[in-house]
Amino acid sequence: MKLVNLRCDFLNCPLAVTNEKPIFSWEIESDESNSYQKSVQISVIDEQENIVWKSKKQESGINQLRYQGAKLQSGQRYYFEVIVIDNRGESASAKSYFETGYMSHADWKAHWIEPIPLPQLPINPLSQAQDENQAMMAALMRGEQVQMKLEEEILNALPLEPYDPTVRFYKQFSCQSKIKKARLAITAHGIYEAKINGQAVTDTFLNPGFTTYDKRIKYQIYDVTELLTIQNNFEVTVADGWYKGKIALGRGCEYGEIPGLLAQLEITLADGSKQIIVTDHSWQFSFDGPIRCADLFLGEVYDANQDLPFDIRNSQKVIVKDIPDNHLEADNQPGVRILHEIPAKKVWQAPNGDTLVDFGQNLAGFVKLTIKDCQPNEEITLEHGEVLDEKGNFYYVFSDTNKAQKDVYICRGTKEEVYQPRFTYHGFRYLRITGGDNWKKEQFIALAISSNNRQTGEFQCDNADLNQLQQNIYWSQISNNITIPTDCPTREKAGWTGDVVVYGPTALFNQDMYAFYKDWLKSIRIEQDEKGHVLNTVPLIKNYVQQTFNGSLGWGDVILTLPWQLYQTYGDISILADNYEAMGKWIHAMQQAAYEMPNDFNTITTQKVDLTQMNERQLDNQHYLINTGFHFGDWIIPSVVNDQGFTDGPTSSFLTMNYADTSLLVSICDLYAKISELLGQEDNAQQAADYAKRVREAFTEEYVTEYFRLGQEMQGNYILALKNRMVPENIALIFAQRLNELIINNGYRLDTGFMSTPHLLDVLLDYGYQDTAWKVLFQTQCPSWLYEVKRGATTMWENWDALRPDGKVHNCSFNHYAFGCVGDFLYRRVLGIQNQVPGYEKILLSPNFTCPLNEVSGHFDSVRGRIEFHWQRLNNQYLISGKIPANIQATIQLPNNEMRLVGNGVFKFII
């Protein structure tokens, strides 16, 4: 027996822990079967080898324990040792370490520094857009005739802020003696790249990431011991990033107009003394340098002729700013790294004469370009796109906008030059290159970036299309986990909450997402408004001026669904406690939304009501239904199309909001009741359960016809009603039959949007319609998962009809993971790995053997170790095998429904 994968706060050897009571976790490896932990003890010692905590011996199988020792000190390394005794009396131990960040704001000695500002627009376009929208809404509420404008129309009519070069901050310093240890704490208003003596302090990108800059600013800590010498040059380049750049619909300066830097380098010398280098008045700055423009959406302009060392003679003194530091927080999630390098598959000339490059894989990142024998000042332009048009030409709907995804390299004129952007990223498979000649595929490498969340899952089967679907899901996941979870890596790069509501379970199978999602949940709580609304994008995209006042059911539900999913996967109940207050606020806000009575001014759904024709009970029912305001409903239903024949999201909302979102209201109340009970909040649990019961009654009485059908017949409405037990069981059976009929009448094709798609196949299986479920899963006609695969997709599409059978291309994203939520079903119901107790203490291996596959295999790296499982159909028998890690108890449900306890270890049998 041995202990592996020791972690602190679910991270390996973190350098910036500020949690006063971090949690330690470990895994057990054993060659023996049925090996279980019987006791555990943890010791923590500081750098001076003092014991700061020694836990009591815990007689249990828990694989995580929270620190309960002396107060942790800032900037220290702590070592922890875990000692485990198993059920055979064998013991094992292992050690690891963590380091602390700044436990107090008083530990910061550095000051924010800024350059002398470059000219910006006299009035910020964001404030103009906000003012125009507010004036429009106020006139509407006064009953005036108003020409309504969408936020995009308002913003596109306003000017753009200037595109500025990056700013370089610089300082020289000397170290007084031999260096023992050095740690750099750093953040920026913008995104930074820090170098000491010409060497990058990290291999991560886009730091400090997308954060709610006016409410929390994250700093990173790096070990820079090996970079320092006696004489040192410290240079930090800061680009606009999310702070000042033109994000989403914005025209620039979302959070501020001036880039800034905050850095503190603490050096421990051999004699034990300390030397601290901070940002202050001694720094210089310059706007000279090779990066003449850097924007996350437009791209980067790089002039190799200006790639020169920092010139102090042509620099100026920085401005020191007195900015409150109470928003500073240590960053404790994996940084953005290059995860995959994809060589170009081909270079060719399109029908219209453009030179194009195909990497064979849609991704998020940038291109590493090798240029040979270029001319001085020659411009090479790289334009990035996800698909080709129906004629085979380059296509990107935003090519001529401020979201053009265009990088420009200005050559120095040498035999070979290499360019790789550092302050932008794009969503692309294809490249259109202008300038240069005689391009070869060997000159192009696509670098796929993502927050470095460890891959934990794998699914394979004997169907190539289903395997490709799993790959498409994975690639969309890594493409849209770049400092925050995003909807797409192209036009928005926004933290849409609804996408995570539906995709979260799949994400947690594919990657270790605990630290990543925990950090984002903190932003969600900070952005929650005073009414309790969880906003639709987090961090809030302020230029979505018409979406900054209210949240939507299904989207804001993430404050309940995501902590619950994390608790189930990792077993750490603190994630529920941390978010519990915010959950209650959201529940209250949505109950208030339901309570509002519909009228001519607050009802935009297609399902109108006439209060004058209602009796007392019907009127009271209106207080428990979602029939006012705007909610997204079952967003993007394939049969709901616009004038061009493409899927229409807003109309999907108007059609389904009443039914879908009333079901979702019950869903969050049920979940809140469960969480409340776990946390000992019995009164809240009972109130939520009682409220959900009353909503179900109102739903049944108002939305179910005398023929036991829904008044608005959409597949998704039935799915959500069945999933959330909205009607009595006798009606539910009729609903399930009707759902099955609707699917069959649609040619065994789904017709579901964001909120219902995750539950479609489960509902069909649970009600006994296996044949329909499998036909939907393996469907290859549009709309379906495998239609995308057949059309050559390498990521998930935002819309089911993003590329129509007639070749027409929709103006939507081709890298959008929401409909990849089927991945969770593949792991649970096809491979068969099902969690039974939070933290995978007990599992059920239960594939649905009616699935028309002959072989399925895969694994999941749980918090207790890797679970491997394989099943294969052999004529009338099944070969079943796998390996369960120590300290997990596994049961297998066999094809004859017999339950067989296998415990843990290696197993293999034929049945």
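Helices here (H or I, at least four residues) and strands (E, at least two) are DSSP runs, numbered from the N terminus. The model is predicted, so local features need pLDDT of at least 70 and side-chain atom pairs count only at pLDDT 80 or more, while totals for chains, interfaces and linings use all residues. Residues are numbered from 1 along each chain as its sequence is written, and side-chain values use heavy atoms, with hydrogens and water left out.

Most residues other than glycine have a negative phi, and most peptide bonds are trans. One joins N207 and P208, with omega at about 5 degrees, and P208 sits in the loop between β12 (199-200) and β13 (217-223). Another links C782 to P783, again with an omega of about 5 degrees. For P783, go to the loop between α15 (770-777) and α16 (785-790).

Now for some helix packing. Two packed helices are described by the angle between their axes and the distance between the axes. Axes are lines fitted to C-alpha atoms, for helices over the stretch in contact, and angles run from 0 to 180 degrees between N-to-C directions. Angles under 35 degrees count as roughly parallel, over 145 as roughly antiparallel, 65 to 115 as roughly perpendicular and the rest as oblique.

Take α6 (residues 514-527) and α8 (residues 574-595): their axes come within 10 Å and cross at roughly 15 degrees. That makes α6 roughly parallel to α8. The contact (heavy atoms within 4.5 Å) pairs Y514, K518, L521 and R525 of α6 with S574, I575, D578, N579 and A582 of α8. Sorted by class, that contact of α6 with α8 has four nonpolar, two polar and three charged residues. In this scheme Ala, Val, Leu, Ile, Met, Phe, Trp, Tyr, Cys and Pro count as nonpolar, Asp, Glu, Lys and Arg as charged, and the others, Gly among them, as polar.

Next, follow α10 (residues 649-678). The axes of α7 (residues 558-570) and α10 come within 10 Å and cross at roughly 50 degrees, and α7 and α10 are therefore oblique to each other. On the α7 side you'll find L560, T561, W564 and Y567, meeting I668, L671, Y672, K674, I675 and L678 in α10. This contact of α7 with α10 has eight nonpolar residues, one polar and one charged.

α10 also packs against α11 (residues 682-703), at an angle of about 160 degrees and with the axes 8 Å apart. α10 and α11 are therefore roughly antiparallel to each other. By class, the contact of α10 with α11 has 14 nonpolar, five polar and four charged residues.

Of the 40 residues lining the second largest pocket, the closest to its centre are P505, W564, Q565, K723 and H759. The lining divides into 18 nonpolar, 11 polar and 11 charged residues. A pocket, on a 1 Å grid over the protein atoms alone, is an open set of points where a 1.4 Å probe fits, with protein on both sides within 12 Å along at least five of seven lines, and lining residues have an atom within 4 Å of a point.
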